[in-house]
Number of protein chains: 2
Amino acid sequence: MSSIDLNNIPSIDLETFQHESIFKQNNKYWFFEKSDDSFPGQAFGLQIVQILYHTKSPFQDILIFESLNFGNVLVLNGIIQCTEKDEFAYQELITHLPIMSHPNPKKVLVIGGGDCGVIRELIKHVEIGTVESITMVEIDDMVIKLSTKFLPEMAKFHNHPKVNLIIDDGFKFLKTTTEKFDIIITDSSDPEGPAEEFFQISYFKLLFNALHSQGIVIMQSSENIWLNLSYLKNLLKKAKTIFKNVKYSQCYMPSYTSGSLGLVIATNDESKQLMSPLRKFKPSLEAELFKYYNSKVHESSFVLPMWAQNELKN
Amino acid sequence: MSSIDLNNIPSIDLETFQHESIFKQNNKYWFFEKSDDSFPGQAFGLQIVQILYHTKSPFQDILIFESLNFGNVLVLNGIIQCTEKDEFAYQELITHLPIMSHPNPKKVLVIGGGDCGVIRELIKHVEIGTVESITMVEIDDMVIKLSTKFLPEMAKFHNHPKVNLIIDDGFKFLKTTTEKFDIIITDSSDPEGPAEEFFQISYFKLLFNALHSQGIVIMQSSENIWLNLSYLKNLLKKAKTIFKNVKYSQCYMPSYTSGSLGLVIATNDESKQLMSPLRKFKPSLEAELFKYYNSKVHESSFVLPMWAQNELKN
């Protein structure tokens, strides 16, 4: 682990703090998410109460701030990764879509996921008795450590006995591992940064090799239908060169660009109906376990507006 | 109509133009949508290419600009009403949800809708031979006139022979009309401004009185589940004091706050299944008519995340 003393974090003065994503307007400080490369011409703003932490790790620029209405916010390379207000939407969907589509998901691998939100969701299935082991491979231990401090509800199970935490490059790990998994969740940042290689055919091949024949993989697409449909189409095409059964799902949440983020879910089992859950919990258990997900949310996450559906189908 | 010469609009210099929603950063001009009252602490930004028009009408501040990636944008009182990029999502859902849930929608009333996007969608059903007459009551003729100039694709049917355009307060119109409609669509701006009275029980009563017994009303809620769930709950409660069958639907689009906007749909016919279309077109006709809507989009628009569903159910 990096040498950072979480009990002794120096306070940061907003007045003098300089960051290209932060500006002052009418005596208020705003974090302003914009990217000339990824989403030119549009931006999302969150008002800042205080800066909690800022550093440049060996891998990325890490900024954590307290927002006025979205709780604490984790930003990597200027892009919001999660906010305490709406993180559950993404964490639940990317976790429970594959888990509830698999008859018996025992061994799960998480690539990335440093905020540990996916682990929190997986532990629900450990407690039910379905998932037996979780391996998480995160390249940047700073993100994990800072999440335990500033996103404690997300990271609360980072040291759960069923979790095997490996600090390494997920790509490298997959190249060398001889293990096979039932579910592999790629919870990475966007392609601009250390996660670049996760969006290539070579990565889908590595996923395929580390997967049981009935296994399911899921990854965040880094895009949404409003932003870059041709990129999505291309990403799905890459996945289809390796997996026989590839589907596209959408998660709706305010803190991601355009209010939604696409997920690519794939398996080599052609008979598997990924778009509706294989296993369903009764409503009372759903209400106890989930805040975003339920079986209807699972199904409707695959329903796309007409034009996007037609574009991605071809 | 207001005396504005659409062929002779003076150009506006961005450098010297002053508007509280516009600021300059790194030599770029941004429209920055924020509201301390309606959605404190969060903001949406669109980069401006040029200001096309600005005026204060007797009813509201009207700003129209060309954005870098969202086409032309109509802003009323600092709040985005529509952008050319994604307007079809909202216009289609608010129109086709009630029209496709009604067995025989002949007479339609639109309250508000000055950009004429809802009329464009209704004309599709005129051309099919279902809808026979459209009455639109818009308080601010400046919005209509400017839309014909700057949002020509949206406003292209503003003078269609089946459209009866009335420049008046929708609330007043409903108080005095003796007509009965099959569908009433309230396509208003938010409660802060001239549309305030559209979100009260007294308005639901007026809608009820102007509706055939099998009729359906729909309105934009001005909110979404991430922003103000208790307000939505209260709005649905108000609707339920008048209508026996009230449902809540969501439209997902990047230019509305939090990436989604709620719609309230209601009828006094308890047997009507509003959440799935009564009439379905075959896929080829759907693909021809619609860019956002189809029968699956209809159904999934009513599926809410677990926590929101539970909150609104009670």
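Cavities, symmetry and domains

Tutor: About 550 Å³ of space lies in the largest cavity. This is a predicted model, where local features need pLDDT of at least 70, side-chain atom pairs count only at pLDDT 80 or more, and totals for chains, interfaces and linings use all residues. Residues are numbered from 1 along each chain as its sequence is written, chains are lettered from A and ligands numbered from 1 in the order written, and side-chain values use heavy atoms, without hydrogens and water.

Student: Why is this space called a cavity, and what does its volume stand for?

Tutor: On a 1 Å grid over the protein atoms alone, a cavity is a set of points where a 1.4 Å probe fits but cannot get out. Points are joined across faces, edges and corners, and the volume is the space filled by probe spheres set on them. The whole structure holds three cavities of 30 Å³ or more.

Student: What makes a residue part of the lining?

Tutor: A lining residue has an atom within 4 Å of a point. For the largest cavity 43 residues qualify, and Gln81(B), Ser188(B), Ser189(B), Asp190(B) and Gln220(B) lie nearest its centre. Strand E6(B) gives the most, with three residues; strands (E) are DSSP runs of at least two residues and helices (H or I) of at least four, numbered from the N terminus.

Student: How many residues lining the second largest cavity are charged?

Tutor: None: its lining divides into 17 nonpolar, ten polar and no charged. Asp, Glu, Lys and Arg count as charged; Ala, Val, Leu, Ile, Met, Phe, Trp, Tyr, Cys and Pro as nonpolar; the others, Gly among them, as polar. This cavity has about 260 Å³ of space, and the residues nearest its centre include Tyr252(A) and Tyr252(B).

Student: Why is the relation between the chains called a two-fold axis?

Tutor: Chain A can be laid on chain B with an RMSD of 0.0 Å by a turn of 180° and a shift of 0.0 Å along the axis, superposed by least squares on C-alpha atoms of residues with pLDDT of at least 70 in both. That is the relation of a two-fold axis. In chain A, the C-alpha of Gly259(A) is nearest the axis, at 2.1 Å.

Student: How do you know that the copies meet through the same surface?

Tutor: 100% of the interface residues of chain A are also interface residues in chain B, so the surface is the same.

Student: What makes residues of the two domains of chain A count as in contact?

Tutor: Contact means heavy atoms within 4.5 Å. By that criterion, 23 residues of domain 1 of chain A are in contact with 24 residues of domain 2 of chain A. The bounds, 22-83 and 87-313, come from an automatic or database domain assignment.

Methods: 1 Å grid on protein atoms, 1.4 Å probe; cavity = no way out; pocket = protein on both sides within 12 Å on 5 of 7 lines; lining within 4 Å.
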